[in-house]
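Please examine the sequence and the structure shown here before reading on.

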Amino acid sequence: MVDANKKEATDCVVEWIASSLYKVSVPNEVHCVANMDRKECGCRMWELTGIPCKHAVATINYMNGDGKGAGVPEDWVHAAYSLETWARMYSFKINGCSGRRYWPRIESTTVIIPPNHRPQVDRPTKKMKSNDEHALPTSSCVTH
């Protein structure tokens, strides 16, 4: 995703607003404001995914060109995507249970009753016409 955002960031025009705020304009799109201290962007993709959007990548490139030493966009990705976090999450071992017959028996008098089912509120059903209403209308005045 970062590589795709790097390619899309080449079309962006970045302007510094104040302190860590940057206005990022893309042709034929609405401009966004990127706050680099809070790692936020007006498109909200950076906050939602944790991966810098094209606006943030363009701002990082602008900051590097301006001498601020922002680093590479990969350094701005949320820590949840790092290999260290992955290794820490999967470092422990979970021992499986051999089968249901080995589960401990629990003596409990509590009975769990399922909740009452309530039908969802919906549009009323359409009433079907009876067979008599489908018959052709008859006329009392028939000439032969």
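The structure is a predicted model. Its sheet is open and consists of 4 strands in the order β1-β2-β3-β4, with antiparallel pairing. At the edges of this sheet are β1, residues 13-18, and β4, residues 40-41, each of which pairs on one side only. Between β1 and strand β2 (residues 21-25), which run antiparallel, there are 5 bridges. Within this pairing, Glu 15 has Lys 23 in β2 as its bridge partner. Helix α3, which spans residues 54-65, packs on the sheet and touches β1, β2, β3 (32-35) and β4. The direction of α3 makes about 115 degrees with that of β2.

The nonpolar core may be considered next. The largest nonpolar core has 19 residues, and those that touch the most other members are Met 36, Trp 46, Ala 58 and Trp 76. Two or more residues are given to this core by each of β2, β3 and α3. The largest share is that of α3, with 5 residues. When residues up to four places away in sequence are not counted, Ala 58 touches Ala 9, Cys 12, Val 14 and Val 24.

A pair of aromatic rings is described by the distance of the centres and the angle of the planes. The count of aromatic pairs in this model is 3. One of them is formed by Trp 46 and Trp 76, with 6.1 Å from centre to centre and 55 degrees between the planes, a tilted arrangement. This pair links distant parts of the chain, as its residues are 30 residues apart: Trp 46 belongs to helix α2 (residues 45-49), while Trp 76 lies in the loop between α3 and α4 (83-89). Both Trp 46 and Trp 76 are buried. Another tilted pair consists of Trp 86 and Tyr 90, whose ring centres are 5.4 Å apart and whose planes make an angle of 45 degrees. Are these two residues, Trp 86 and Tyr 90, buried or exposed? Both Trp 86 and Tyr 90 are exposed.

Ser 19 counts as exposed because its relative accessibility is 60%, and the exposed class begins over 50%. Ser 19 and Met 36 are 17 residues apart along the chain, and their C-alpha atoms are separated by 9.2 Å. Met 36 is also among the residues that touch the most other members of the largest nonpolar core.

Note on methods: Residues are numbered from 1 along each chain as its sequence is written. This is a predicted model: local features need pLDDT of at least 70, side-chain atom pairs count only at pLDDT 80 or more; totals for chains, interfaces and linings use all residues. Side-chain values use heavy atoms; hydrogens and water are left out. Two strands pair if DSSP finds at least two bridges between them. Contact means heavy atoms within 4.5 Å. Axes are lines fitted to C-alpha atoms, for helices over the stretch in contact, and angles run from 0 to 180 degrees between N-to-C directions. Rings of Phe, Tyr and Trp (its six-membered ring) pair if their centres lie within 6.5 Å; planes under 30 degrees apart count as stacked, over 60 as edge-to-face and the rest as tilted. Buried means under 20% relative accessible area, exposed over 50%, partly exposed in between (1.4 Å probe, protein chains only). A nonpolar core is a set of buried Ala, Val, Leu, Ile, Met, Phe, Trp, Tyr and Cys residues joined through side-chain atoms within 4.5 Å.
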